[in-house]
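Here are some notes for reading the model you are about to open. Please keep the structure in view while going through the points.

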Amino acid sequence: MVDINTRIRSGPIKNALSYGSYSALVADEFENSRQSIRQMLVALGFALVDQTSTGKGVIEACRARKYDLVLCDFRLGHGKNGQQVLEELRQLKLLKSDAIFIVISAETSRDVVFGIMESHPDEYLGKPFTQGVLSKRLERLFAQNEALANMKEAQAKKDYPQLQRLCEEHIAGQGRYSIWCKKALVDAFLATESWQALTQLCSTELESRDIDWAMLGMAKMHIGRHDWDTAIQCLESTLKSFPQSTTGYDLLAFCFEKKGRFSQAQQALEESVKLSPLVALRQKKMMELSCENGDVHSAVKASNLALKLTANTINESPEQYFQLADLLSEASVELEGRERKKMTDDALLVLNRVSKKYSDQHDVRLKKALCESRLYSIQGHAKQALASLDAAFKMIEEAPELKTPDISVQLGKTLYLAGKKEEANAQWQSEGTVQQLSSEQEQAILDFIDEPLPMGARAKTKALNFKALNHYAKQEYDEALAVFEEALLISPNHPGLNLNLVQTVIKKMAADQGSDRLLERCHQAFQRLNHVGENHKQFSRLQTLKTFITKYNPQDSA
């Protein structure tokens, strides 16, 4: 029997493959187009060719049958598009390991094409196409599938020893798909933390020229080893050679974030977004980084896009709507007049959309009322804020089971913003709530109490803190204290700011032999941090600085 690789290397052979046992699914919004493609596949010998006009139809069809080939148009009318369909099929594990998924489209927009290619279909086929073009593409794809079938099966099962053995055999035999095998080996070595094998593979490939997957493989290895600085160097070098590598920018943003360099992380991700904005996970990360940097308008834009990109998919959730409404509310604070009203109206519109879309979910009605109350509080409309809050309490009274730990967190925040701080603390500290909260929810509460401010105000305090720390580094302690005090006027209870002030005072007292006035500033800072308990991430630092201050005032029991 002739080896398939030998046949392909010697040149294409007409009718080398028979499709008589293969099944296919054609998804296209327009019936004429579906019928045309179906006739092509029938003419090529496919045993079964099903059709559908919607993304939902593709999902349902793939639940019922494991197709060998799916030809899916990008545009599928209302609902999911072809890119979302592919991502959802993989997420739900509804495709065979050797199934071929081809996205077909008449789209020429770079944003759309980049987005499609980032979902990694087996092929992208531009419309219109002839039966001859389709035949050649399918012959190549099915021939590759036949040659790689065992490797793809091992890859799907995460059987990395088997995958490594098969790939290395193929490479040693100079098989046609050696590049595919090398890329698969990179992923396998990363998964098994086989750093030496990965280094050898990538270094050998890079001896003669720059290769994007090999350079990214080395960067991913350094990320896996938490060597963020070396990973950043690798990625910056990769992007000089391959400036359109969205993966490179995404990974660079990840590394900067791990280093706490959030501004640079956002800048790196912005480059990725410019190249390929139609990726939901990327927009979600952009929203998170923008929030971290206090860039509320970028956060709103990214949140809006992420919501659109997940619409009608299994990844869409009510929480996305509430998150967008909260961001719009915060963004409106920085505006005036008509712009402020429009932003507020947009937030209310989002809340109306989520309540209609999830009208059968009682918890959504409750969360809407709480979100409305927060919006009105931020706007300074106390009467409306309390009315929405009262509506939320009434819902909880009628259905106590709605008060989940997540609702308890939100309820406390809403009370706090409405000026009911004692009630908020009572909600969070009640025995029933404390026992149910996860560590993430506890941290969310602590972070909120530290800085219950709109995002723009948080960004301003962050900038002032950075400015003060620069003065501190230069031993300009008076200037540092002045800037810390300015920041504390905006965010008086922030532990980091207060403890930075105390630490600066200690340095100044060491140089100036101390003073009662300076000690009093420390005591005031400690009083502002009464909410910092044992579970707070700044608790240990607070206790250390309190102990240090007693050296200058031994009679102080603090």
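Predicted model: local features only at pLDDT ≥ 70, side-chain atom pairs only at ≥ 80, totals over all residues.

1. Start with the second largest pocket, which holds about 1,800 Å³ of space. Its lining is made up of 50 residues. Those nearest the centre of the pocket are Cys 291, Glu 330, Lys 413, Asp 447 and Arg 458. Elements that give two or more residues to this lining include helix H14 (280-292), helix H15 (296-310), H16 and helix H18 (362-379). Helix H20 (405-417), helix H23 (439-450), H24 and H26 are also among them.

2. Which element gives the largest share of the lining of the second largest pocket? H16 does, with 8 residues. By type, the lining divides into 19 nonpolar, 15 polar and 16 charged residues.

3. Glu 330 belongs to helix H16, which runs over residues 318-333. Its relative accessible area is 15%, and because buried means under 20%, Glu 330 counts as buried. Apart from neighbours within four places in sequence, Glu 330 is in contact with Val 296, Ile 378, Leu 453, Pro 454, Met 455 and Arg 458. Arg 458, like Glu 330, is listed with the residues nearest the centre of the second largest pocket.

4. Ser 491 sits in the loop between helix H25 (477-490) and helix H26 (495-512). Leaving out neighbours within four places in sequence, its contacts are Asp 450, Glu 451, Leu 453, Thr 461 and Leu 497.

5. Ala 463 lies in helix H24 (residues 455-473). With a relative accessible area of 47%, Ala 463 is partly exposed.

6. Turn now to helix H8, which covers residues 178-191. From first C-alpha to last, the 14 residues of H8 reach 20 Å, close to the 20 Å expected at 1.5 Å a residue. Its buried residues include Cys 181, Leu 185, Val 186 and Phe 189, and also Lys 182. Which helices do the buried residues of H8 pack against? They pack against helix H6 (131-156), helix H7 (160-172), helix H9 (195-206) and helix H10 (212-224). Just after H8, Glu 193 has a positive phi of about 55°.

Notes:
Residues numbered from 1 in each chain as written. Heavy atoms only, no water. Helix = DSSP H or I, 4+ residues; strand = E, 2+ residues; numbered from the N terminus. Buried < 20%, exposed > 50% of the residue type's maximum accessible area, 1.4 Å probe, protein only. Contact = heavy atoms within 4.5 Å. Expected span 1.5 Å × (residues − 1). 1 Å grid on protein atoms, 1.4 Å probe; cavity = no way out; pocket = protein on both sides within 12 Å on 5 of 7 lines; lining within 4 Å. Points joined across faces, edges and corners; volume = space filled by probe spheres on them. Nonpolar A, V, L, I, M, F, W, Y, C, P; charged D, E, K, R; others polar.
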